[in-house]
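User: Can you walk me through the aromatic side chains and the surface here? Keep it quick.

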Amino acid sequence: MARRGRQALFFLLPMLILVVAFYILPLVLTAWISFTPLTNWRVRDQLVDFVGLENYVNLYYLARYDPDFHKVLQTTLVFVVLTLFINVVGGLVLAILTYLIDERISLGYRLLWLLPRMTPLAVFGLLWYYFFYGGPQGTLNSFFLKMGIIDEPMRWGTDPAMLPYSAWAIIVFVNGLVGVSYGMIIFYSAFKNIPRELIIAARVDGAKTWEVIRHILVPIVRWHIVFVTVWQLLSLITSYTHLFVLVQWSVVDKWYGTTLALYVFNTAFFDVKNQGFAAAAAVILVIIGSILGLLTLRIMRFSQMISPPRGDI
Amino acid sequence: MVEVRLEGVTKRFGRVTAVNSVNLVFGDGEFTALLGPSGSGKSTILYLVAGIYKPSEGRIYFGDRDVTDLMPNERNIGLVFQNYALYPHMTVYDNIAFPLKLRRTPPEVIRDKVLEVAKFLHISELLDRYPAQLSGGQQQRVALARALVKEPEVLLLDEPLSNLDALLRIKIRSELKRIQKELGVTAIYVTHDQSEALAMADKVVVINRGVIQQEAPPDTIYNEPRNVFVASFIGSPPSNIFPATMDYTEEPCINLPGGTRHCVEEEYAGVLWRMKPSKVIVGFRPEHAEIVENPVDGRPVIVGEVYTVEPLGRENIVTVASEDIHLKVITPPEVRPEAGELVYVAVERGKLMLFDPQTEINLKYIAREWSQGG
């Protein structure tokens, strides 16, 4: 038994080192900082100056009374739920469509959907900056003006009359466009692994196309759906790069374009540079993420899908 | 049940013609085997009958009904695949019930039918399991149950036994035939295994390169192959086939390898006189010859040297080299000549087959066509 334990440790070691160095240590450090008044990186005098739960108490009061922070929380919820839905269901729909059509057309189609993911962030951000630009030169404005649908240019993501929905629509749209290809690729390759005979058998058994999708394709890729859902959920809770660009270039409203992850980043590195407070918010974010991740696995009955090991090491 | 008819059916995939103007009738309640090497087009014919492929030309009928343009689900067929194609995420019960659920059959009826077919195929105790928990033979029965629960008019079997081990294959073989006869369903069975085809089928259709070579009961396929392909494909080991020159001085005689001569039997003489080919293709089955020491009794005899002897317990396969031709002969276990020994291979009277060197068709069939055509 001891030998097996040592063997297991040996195989796990490389990953353990990485996890400890790049996840556990930063996490401990963040938790530490969240109990200090660290601002403007005054590490020397503030890193050991504990203030107890002050940062957490501040966070509580902010959540309770600050209207801007309310907007951030609302935005986070709407953004994560809607984008997750688009990424998983949209990815599934795209994968099914590309699976059912001719392979040559389907390849080009899938590459098209991969473009947003392959485009550098700055270029992609710039594209949407021009597209939603508030002046008459903006792509959307210029198009609608020429079509005669609007009389004067609209400030799509920032006009208070259309907030919060316009800003939310833009951030969900832009992130969905990037994220949807992930599910598409995973689901498509899963579909490709289904033996051809299975689909033929279902057809002979009398299944119409949508019945093949419902009874055969989707149930067989259930594991992949769980995987993509959890993966995308966690990455949506924690990622902020696209949102950062959109907010920074004023494509969308500052608060209705900011999720909790971006709020943590901005608080620590950009606006007020209050690292202690940002760390407290980050700790809360990690806790929320862990709970949601575990909850999703539970809901999708992950434990039932785990198969026994394929052999002894 | 129903008769299945293919009229001038051709199927092309791009530039490849997989099935070439095939006319075939699968008799009502008959068990027909489609036999051919891989790539011969036998599975394509099955998929054409199933409606998975649409013919490039020709029509397909179930009885009087033209089904050429019907989808598979509109044809009332059951299909069993080589790899069973069971739905991995469904239990055995759900697998069998699936076609009925799609037909919106009431749940009580589904239950009764599934239990009935499961009992019939002895899989009642497996209904709660998933396909991955079953052995190959069990999966095979479940696949058959799923095909039969629909009460199909036509049962299509695509090499259903190939993935089973040899012992199980022979067991299920006889069982499958019993089931088919009991239900009286029209069955089409695709296989590349000649012993399966000969053992199970009422009629065997031999196919090569998308063209039907012969369509006949198993006995006829075995005893009177229509052409060289059928003769060389059927049998284990298959027929010995070699070219020989002819001599017409008094009567048609064949110059056999090793320098002997054999003057042909009555049934071949007429056709040979009329055609007067300078060469023929000669064939005989390894089990229709024996190794003798003295060639005296007027049987066709070939002189040669023993090349190898393969003892198989029940019998030996002796390969004899004569000129540059290798002939196989099945001998009783006690006949075990030494390699290098000079021997005579005597072919049973009337078992020598002669084929036209151009068309490779059995001269017996040419003679028959002439006598029929007048």
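**Aromatics and surface**

Analyst: One aromatic cluster is formed by A:W41, A:Y240, A:F244, A:F265, A:F269 and A:F270. This is a predicted model, where local features need pLDDT of at least 70, side-chain atom pairs count only at pLDDT 80 or more, and totals for chains, interfaces and linings use all residues. Residues are numbered from 1 along each chain as its sequence is written, chains are lettered from A and ligands numbered from 1 in the order in which they are written, and side-chain values use heavy atoms, with hydrogens and water left out.

User: How many aromatic pairs over all chains?

Analyst: There are 36. Rings of Phe, Tyr and Trp (its six-membered ring) pair if their centres lie within 6.5 Å; planes under 30 degrees apart are stacked, over 60 edge-to-face, and the rest tilted.

User: What about A:W128 and A:F173, how are their rings set?

Analyst: Their centres are 5.2 Å apart and the planes are at 85°, so this pair is edge-to-face. A:W128 is in helix α6 (residues 121–131) of chain A and A:F173 is in helix α8 (residues 165–192) of chain A, so the pair ties together parts 45 residues apart in sequence. Helices here are DSSP runs (H or I, at least four residues), numbered from the N terminus.

User: Is A:W128 buried or exposed?

Analyst: A:W128 is buried, at 7% relative accessibility. A:F173 is partly exposed, at 39%. Buried means under 20% relative accessible area, exposed over 50%, partly exposed in between (1.4 Å probe, protein chains only).

User: Switching to charges. Which ring does the charged end of B:R146 sit over?

Analyst: The ring of B:Y87, 4.5 Å from its centre. The cut-offs: NZ of Lys or CZ of Arg within 6 Å of the ring centre and within 35 degrees of the ring normal. A:K254 lies over the face of A:W255, 5.0 Å from the ring centre.

User: And which helix gives the most to the nonpolar patch?

Analyst: Helix α1 (residues 2–33) of chain A, with 10 residues. One of the patch residues is A:L18, which is partly exposed at 45% relative accessibility.

Note on methods
Helices (H or I, at least four residues) and strands (E, at least two) are DSSP runs, numbered from the N terminus. Patches are made of residues with over 30% relative accessible area and no salt bridge: like charges are joined within 9 Å, nonpolar side chains (Val, Leu, Ile, Met, Phe, Trp, Tyr) within 5 Å. Accessible areas come from the Shrake-Rupley method with a 1.4 Å probe; for residues, only the protein chains shown count as cover. A salt bridge is a side-chain nitrogen of Lys or Arg within 4 Å of a carboxyl oxygen of Asp or Glu.
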